Amino acid sequence: MTRSVEPGAGVEPATAVSPAHGLSRRGLLGLAGASVAGIGLGVAGDRVALAVAATPESASASAVYPFYGEHQAGIVTPAQDRLHFAAFDVSAGTTRAELIELLQDWTVAAAAMSAGQDIGEYGAVSGPYDAPPEDTGEAQGLPTAGLTITFGFGPTLFETVDGVDRFGIASGRPADLTPLPHFPGDDLDAGRSDGDLCIQACSNDPQVAVHAIRNLSRIAFGRAALRWSQLGFGRTSSTSTAQATPRNLFGFKDGTANIKAEEPDVVTEQVWVPATDGPPWLAGGSYLVARRIRMTIETWDRTILREQEAVFGRTKGAGAPLSGGTEFSEPDFTLAGREDEPLIGAAAHVRLAHPAQNDGTKLLRRGYNFVDGNDDLGRLEAGLFFISFQRSPAQFTSVQLNLAKHDALNEYIRHVGSALFAVPAGARTGSYIGAALFA
Amino acid sequence: MPRAFRSASLLGVAIVGASVLSGCVANDPAATHAALTVESTETSCAVSANEAPAGNIRFTVTNSGEQVTEFYLLADDGLRIVGEVENIGPGLSRDLVVQLDAGSYFTACKPGMTGDGVDRAEFTATKTDATATVDVDVAAQIDTANINYASYVSDQIDQLVTGTDAFAAAYVAGDDDTARSLYAATRMHWERVETIAESFGDLDPKLDLREADLEEGQDWTGWHAIEKNLWPAEAEAGFQAYSAEKRSTLADQLIGDTATLDDNVQGLTFTLSQQTNGAIGLLDEVATGKVTGEEEAWSHTDLWDFQGNVDGAKVLYDGVRSILQETDADLATSLDAEFAALQKLLDAQRIGDGFTLYTDLTPAEIRALADQVNALGEPLNHLTAALVL
């Protein structure tokens with residue numbers, strides 16, 4: 001039995017012809033004479049105009065971050081509240097030219113959505129009546145809500161695990177872009193790991209973020225397909241000093257010592273790949289590490305407060321290091337209490353993750369809390385979707401190795417997904433994401 | 001029922017080729033069609049401008065009157081309909097998107113949907129450098145496609161009738177091996193024209209209802225009721241093999257309902273939009289029921305149905321392909337490639353005259369089929385708008 005759809009039902013055989021399909025091919029029909037009175041330039045579904053007209057509920061709703069620029073948005077951008085992250089595999093048989101066209105189409109669509117517009121020539125509701133709408137439409141009436149869309153290239157885009165150079169770009173593969181090593185305690189699910197391409201969509205409105213991934217997935221059909229995706233409902237890091245420090249699902253403030261946009265020297269030193277690091281196409285880019293970290297929160301919740309604070313090395317309320325002070329006080333790892341035991345224990349998370357314990361290495365963390373329903377044992381499928389941006393994957397590897405071996409937190413967490421992507425620099429207006437790689 | 005297609009409105013319509021657009025990135029991602037507004041009242045049809053550059057033009061028609069209205073764009077003879085929007089309720093707006101060749105046209109509204117319309121006015125599409133036009137007389141091609149498709153449907157139903165008779169005979173005789181061997185191959189004829197068969201009200205549920213779709217207390221008849229009896233291995237505990245009497249009743253009804261279907265399709269004619277939407281509908285069937293393995297819960301012969309739906313969609317597409325090549329060559333190229341890629345995946349699962357059972361497919365093979373259904377579905381769903389003018 002199948003859905004009963006009468007052939008031709010509801011279709012009136014006389015409305016319109018199709019627009020050109022292929023977003024990157026739009027916009028080339030000149031409009032000489034468009035100044036004639038009464039003719040507007042058709043811009044479908046411009047939500048910015050709507051948002052400006054309406055009284056903005058808050059700055060977070062009306063925020064607009066430009067897509068084009070020196071670096072991709074969504075890295076030092078003040079961390080938005082919501083995430084939809086997606087990893088894609090390029091479809092078998094896709095050619096280099098088709099991959100480039102996909103990146104072009106994605107770029108055009110991402111720029112439109114970042115600017116608060118529907119995608120396509122006619123958007124969600126203004127197109128030919130007998131054609132499927134170009135834009136899926138669920139973001140109509142919503143503000144941009146600070147949407148950023150960030151693209152990354154996985155190791156397998158350059159070379160498959162069997163060593164096949166599908167797109168003639170193996171020579172452009174960064175030496176550092178190799179799968180992350182196995183860390184002690186890793187329990188990785190291949191279905192939640194890796195991928196040829198990734199898209200991080202962040203917004204202060206969950207539906208705006210989902211709309212972005214949904215439409216970009218649709219654009220990719222036939223060229224790339226979703227491998228895995230992850231929703232995040234609450235940011236766990238601040239990337240600006242203007243933001244309050246949020247809490248992870250353990251109830252602790254997270255990301256207090258994160259790299260902030262207001263520290264340009266640190267960002268330059270720790271986040272962006274300089275031209276001297278190579279390869280040339282990645283200059284101004286970064287590396288994105290994603291880790292799906294499952295928390296056994298039921299066990300955690302019945303752990304005594306003393307243990308919880310000892311595990312983190314911070315107070316649960318204010319987030320101050322156990323060595324004293326306030327949230328933003330530098331931890332004193334030597335300060336000892338009774339029996340000469342350091343107040344911040346040897347296995348405390350804040351100690352092991354601190355730059356002082358990692359040769360000064362810092363990561364720009366941009367993670368999100370997630371709860372994906374529950375498992376078969378009635379436990380919340382909850383955790384932290386960790387995202388970090390860094391100049392080199394080695395920064396993450398060294399910190400994570402330290403954590404995986406010693407962190408007291410390991411009793412309550414399990415890394416179940418892992419991926420590494422090279423994040424190209426921002427696209428110039430008129431170009432596309434990753435253009436330098438294909439030049 | 002959909003109205004008859006007015007082929008006259010297609011005669012000589014200039015169709016703008018999309019192939020002038022080539023694959024480079026637009027500097028300005030904003031939309032570039034000309035956008036005009038039309039306000040329709042009881043007595044007026046106010047268009048915001050009386051000319052626009054040839055190419056993509058969007059008229060946003062707002063009904064400010066109190067009756068249902070229509071908006072027409074007519075050729076320079078004032079008779080031939082180039083584009084129209086109908087059934088615009090009071091207070092509503094609807095868009096008409098057209099690609100216009102340079103030339104003279106008329107605009108008019110028809111509040112109340114009767115008479116000659118009100119406020120007829122001249123409208124000019126001015127020449128631009130960017131548009132290239134191809135004049136196509138497609139009416140004859142459409143007529144041919146319609147006739148060919150009607151005969152395809154008739155032929156498939158004939159084969160379905162013959163196959164059903166043999167299947168039912170074996171089933172009633174208790175020759176389950178023969179019945180099982182005929183089951184999937186016979187159903188392929190049904191699947192090839194499934195969207196047509198579905199258009200006849202309650203015939204579809206009588207013939208093709210799955211157990212999961214039953215309402216409480218509803219009689220279960222048709223192919224899948226027999227399927228469960230023939231492949232009882234995965235049935236629930238306590239499932240009783242049917243009695244000879246029940247077998248006979250089910251077989252008789254299957255034959256009878258199929259004969260009714262055969263009667264219904266005789267002399268059937270098809271419009272262009274029925275054909276294009278039929279192709280779209282068949283692939284939707286694949287995407288929702290076949291690629292998930294839900295259709296053949298007991299026999300797991302989903303790939304036979306899959307191939308049948310794809311066969312039917314391909315026949316429909318092939319019927320209109322020559323027209324599409326004139327109106328949107330890029331779309332034709334894309335559909336050619338995606339149909340071929342899907343067929344290649346299906347061919348890889350052929351075993352003798354049949355296919356791999358759904359339950360023997362690896363997750364990776366199912367995923368590849370699903371991905372390719374998506375890859376074909378996106379361009380295929382533009383077929384109606386690309387052809388039905």
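Author: Gladly! Helix 7 of chain B passes helix 10 of chain B in a left-handed crossing (the near helix is turned anticlockwise from the far one by less than a right angle; clockwise would be right-handed). This is a predicted model, in which local features need pLDDT of at least 70 and side-chain atom pairs count only at pLDDT 80 or more, while totals for chains, interfaces and linings use all residues. Residues are numbered from 1 along each chain as its sequence is written, with chains lettered from A and ligands numbered from 1 in the order in which they are written.

Let us stay with this pair of helices. Helix 7 of chain B covers residues 272–290, and its axis lies 10 Å from that of helix 10 of chain B, at an angle of about 155° (axes are fitted to C-alpha atoms over the stretch in contact, and angles run from 0 to 180 degrees between N-to-C directions). The two helices are therefore roughly antiparallel (over 145 degrees; under 35 is roughly parallel, 65 to 115 roughly perpendicular, the rest oblique). On the side of helix 7 of chain B, the contact is made by B:A279, B:I280, B:L283, B:V286 and B:A287, and they meet B:V373, B:L376, B:G377 and B:L380 of helix 10 of chain B (contact means C-beta atoms, placed from the backbone, within 7 Å). Sorted by class, this contact of helix 7 with helix 10 of chain B has eight nonpolar residues, one polar and no charged ones (Ala, Val, Leu, Ile, Met, Phe, Trp, Tyr, Cys and Pro are nonpolar, Asp, Glu, Lys and Arg charged, the others, Gly among them, polar).

Helix 10 of chain B has another partner to look at. Helix 9 of chain B, residues 329–347, packs with helix 10 of chain B, residues 363–380, at an angle of about 160°, and their axes are 9 Å apart. These two are therefore also roughly antiparallel, and helix 9 of chain B passes helix 10 of chain B in a left-handed crossing. The contact of helix 9 with helix 10 of chain B counts 13 nonpolar, two polar and one charged residues. An α-helix has 3.6 residues a turn, so residues three or four places apart point the same way.

A further pair in chain B is worth a look. Helix 1 of chain B and helix 6 of chain B pack at an angle of about 170°, with 10 Å between their axes. At that angle, helix 1 of chain B is therefore roughly antiparallel to helix 6 of chain B. Among the residues in this contact are B:V153, B:I157, B:L160 and B:V161 of helix 1, together with B:A251, B:L254, B:I255 and B:V265 of helix 6 of chain B. By class, the contact of helix 1 with helix 6 of chain B divides into 13 nonpolar, four polar and three charged residues.

Helix 5 of chain B, residues 223–230, brings in the question of burial. Its residues B:W223, B:H224, B:I226, B:E227 and B:N229 are buried (20 or more other C-beta atoms within 10 Å; 12 or fewer is exposed, in between partly exposed, with C-beta atoms placed from the backbone). The cover over these buried residues includes helix 1 (139–172), helix 2 (176–192), helix 4 (203–208) and helix 6 (244–265) of chain B.

Now for the wider setting. Chain B comes to 11 helices and 13 strands (DSSP runs, H or I of at least four residues and E of at least two, numbered from the N terminus). Of the 389 residues in chain B, 48% are buried. For contacts in chain B between residues at least 6 apart in sequence, 72% join residues at least 24 apart. The domain assignment, automatic or from a database, gives domain 1 (7–22 + 30–135) and domain 2 (139–387) of chain B. Taken over C-alpha atoms, the centres of these two domains of chain B are separated by 40 Å.

B:T41 sits in the loop between strand 2 (34–40) and strand 3 (45–47) of chain B. Because B:T41 has 18 C-beta neighbours inside 10 Å, this residue counts as partly exposed. Leaving aside residues up to four places away in sequence, B:T41 touches B:S64 and B:G65. From B:T41 to B:A313 is 43 Å in space, C-alpha to C-alpha, and 272 residues in sequence.

Methods: Two residues are in contact if their C-beta atoms, placed from the backbone, lie within 7 Å.
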